[in-house]
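Please examine the sequence and the structure before reading the solutions.

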Amino acid sequence: MVRARPPLLLMAGGGYRRATEYFTVTFLLISTINVALAANSSSSSSNSVLPGLGVNWGSIASHPMDPNIVVQMLKDNGFKRIKLFESDSYTVSKFAGTDIEVMLGIPNDQLHDLAKDYDNAKDWVKENVSDHMSSEQDKHVNIKYVAVGNEPFLASYYDRYVNDLFPAMQNVQKALNAAGFGNVIKVTVPFNADVYESHSDKPSDGQFRSSLKGQMTSIAKFLRQNKAPILVNIYPFLSLYQSSNFPTSFAFFSNDGRKVYDGNIAYSNVFDANYDTLVTALKKVGVPDLKIMVGEVGWPTAGHKYATPDYAQKFYAGLMKRLAANKGTPLRPGKLDVYLFALMDEDQKSIAPGPFERHWGIFTYDGKPKYPLDLSGGGNQNKMLVAAKGVQYLPAQWCVLNPDATNPVGLDDALGYACAYGDCTSLKPGSPCASLDKNWQASYAFNNYYQINDQDVSACDFNGLATVVKTNATRGNCLFPIQIVSGGGRIGGSRGGFMAGVLVLLALLFTL
């Protein structure tokens, strides 16, 4: 996606997500048992999370993690809010019986159908909400919001969804009301920060883009009428990424660098300045009191010189301290509601915005914490998050450049192919694997492609340039990963195969 914004207000967001389907009955049963054992063997999480703090969970990954494991990881770390980008029934059902507040997502490509026909909205609510609203506590999912679209007014979409968004929101909320859920579930929409602008780069001059003013006014008034919030995605990292002149300190919350004065208000960080630009824009369209929630905010750890674990830790430490103070922003004092972006890395996201797009997770692809992070706001610089439990991996083997291939012909083509269909973003300057020589870069690319393709023997050939080894190929801080057994799809296979799996599960449970 192309995101052109003035340096101060440059905060783009996550864009459209999709899920990848891949699952087996055997893994589902085994991982379910492992997660259950892990949950039973430990007491309720002692980890505390700041009120109003949630996290985004996307699934644009070659091997999405089993939802059972993810939900347990959220519970272990004390998260009470989750924001999804879709509404897959299987995934959503895993939140049943928990106290985790869920925001469902409707992808942008569904907006037109929901806008043109109220019956489509009724069907959507029936299929994606009603089944989860059981009166039985262990079957009830605490659905709080439905995010209709995701950054649908992004400038690079060239008004593709402008005429569909508002009627889609109206129809979905009407359907929720008709189903009896309107008092507890509200529609909202996450916007990219490019829906508003400031000709002076100061918050007091904030206004919605002229081409969107009518739509944004109607949407804002609709949200206020329904007692629902507006969401905005704010990314200080992108200011550094897209402007070499942007002051580094202004992207963080250190309060020790440049300040931007707007009348009598001194802004020490771009997060506050961006947020207050929206506050001003809302005031100018007659909705000064509309609740604002930050739908996405985060910091990547690879793909750019500023995308490192150290910078991410610094950003989050400042953000947590700021949220714990409950001071809000200069124009909107009080508690801030924020969803971190993101829970885990996603190796299939588009890298059009930049190679860092696949590295926003506070956890790695396999659920390991990347750096210390105290979600309570207490400032413990050594507190690590709780890793995912019950994760299973493919066999311990790697695909590397064949050592017998001296000055191999076609290496550049093979490297290019592996990177085009795999993930080489960790080879970019500033990333942990950037210092590898060409041969080891090829090995990294070959292995990544091999792992993404489930270690298929044909995925480690490259015209004889590659070979499979049993020795860990990791080089220093450059991890050569082994992929996890995926949990990103629904149960497949015949009914007989499923029933056989159920019998295995029952047998195992009775022997525990």
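The model is predicted, local features need pLDDT of at least 70, side-chain atom pairs count only at pLDDT 80 or more, and totals for chains, interfaces and linings use all residues. Residues are numbered from 1 along each chain as its sequence is written, and side-chain values use heavy atoms, with hydrogens and water left out.

**Exercise 1.** Classify the pair formed by the rings of F153 and F191.

Solution. Rings of Phe, Tyr and Trp (its six-membered ring) pair if their centres lie within 6.5 Å; planes under 30 degrees apart are stacked, over 60 edge-to-face and the rest tilted. For F153 and F191 the centres are 5.5 Å apart and the planes stand at 40°, so the pair is tilted. F153 belongs to the loop between strand 4 (143–148) and helix 6 (162–178), while F191 belongs to strand 6 (residues 190–192), 38 residues apart. Both residues are buried (under 20% relative accessible area, 1.4 Å probe, protein chains only).

**Exercise 2.** Classify the aromatic pair of F356 and W360 and state whether each residue is buried or exposed.

Solution. The centres lie 5.9 Å apart with 90° between the planes, and the pair is edge-to-face. F356 has a relative accessible area of 0% and is therefore buried. W360, at 2%, is buried also.

**Exercise 3.** Identify which ring lies under the charged end of K174 and which under K314.

Solution. A charge sits over a ring if NZ of Lys or CZ of Arg is within 6 Å of the ring centre and within 35 degrees of the ring normal. K174 sits over the ring of Y118, 4.4 Å from its centre. K314 lies over the face of F252, 4.5 Å from the ring centre.

Technical notes:
Helix = DSSP H or I, 4+ residues; strand = E, 2+ residues; numbered from the N terminus. Buried < 20%, exposed > 50% of the residue type's maximum accessible area, 1.4 Å probe, protein only.
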